[in-house]
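Reader: Could you take a close look at the packing in this model, and go through it carefully, with the cut-offs behind each term?

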Amino acid sequence: LLKEVELSVSSDSLSFVHNEIAEKFSDIEFDLAKLIAQSGYVDDVFRLKFKQVYGVTPKGYLDDLRMQSAKDFLRIYGGILSIKEIAEMCGIKDSLYFSRKFKREFGVCPKEYVKNKTKKDSGEK
């Protein structure tokens with residue numbers, strides 16, 4: 001029965017959610033659960049089908065976009081903007097959560113990332 005339900009998730013719904021995540025991931029008020037609920041499908045079934053099609057869950061896709069943008073923003077604005085400001089630019093309200101997530105993803109905290117990038121740019125070792 002799950003296979004039948006799973007297959008019934010329309011590709012239009014999947015691509016709509018995928019595109020909405022891509023467009024709104026940096027919005028601090030973005031609510032992924034609400035977006036999925038609006039699709040009209042059961043959350044778990046939708047996640048499974050999304051992962052089958054895109055290779056990652058909707059939350060995983062959202063997190064990936066936020067962390068990649070965090071890396072870019074830190075590279076560009078690190079030392080100019082605070083970690084809290086950069087976290088908010090990536091759609092994350094809590095700067096401590098942002099720092100932990102960044103460190104888990106890239107193996108270094110945001111401040112160290114900026115420090116290492118600054119050293120690399122100036123030719124230091």
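Author: Helix α2 (residues 11-24) packs with helix α4 (residues 43-54) at an angle of about 80°, and their axes lie 10 Å apart; helices here are DSSP runs of H or I of at least four residues, numbered from the N terminus, while axes are lines fitted to C-alpha atoms over the stretch in contact, with angles from 0 to 180 degrees between N-to-C directions. The two helices, α2 and α4, are therefore roughly perpendicular to each other, a label that covers 65 to 115 degrees. The model is a predicted one, in which local features need pLDDT of at least 70 and side-chain atom pairs pLDDT 80 or more, whereas totals for chains, interfaces and linings use all residues. Residues are numbered from 1 along each chain as its sequence is written, and side-chain values use heavy atoms, without hydrogens and water.

On the α2 side, the contact (heavy atoms within 4.5 Å) is made by S13, L14, S15, V17, H18 and I21, and these meet F46, K49, F50, V53 and Y54 of α4. By class, the residues of this contact of α2 with α4 divide into seven nonpolar, three polar and one charged, with Gly counted among the polar residues and Tyr among the nonpolar ones. Within helix α4 itself, R47 and D43 lie four residues apart, about one turn of the helix.

Turning to another pair, the axes of α5 and α7 come within 11 Å and cross at roughly 95°, which makes α5 roughly perpendicular to α7. From α5, the residues K59, D63, M67, Q68, A70, K71 and L74 meet Y97, F98, K101, F102, E105 and F106 in α7, and the residues of this contact divide into seven nonpolar, one polar and five charged.

How values were computed. Angles under 35 degrees count as roughly parallel, over 145 as roughly antiparallel, 65 to 115 as roughly perpendicular and the rest as oblique.
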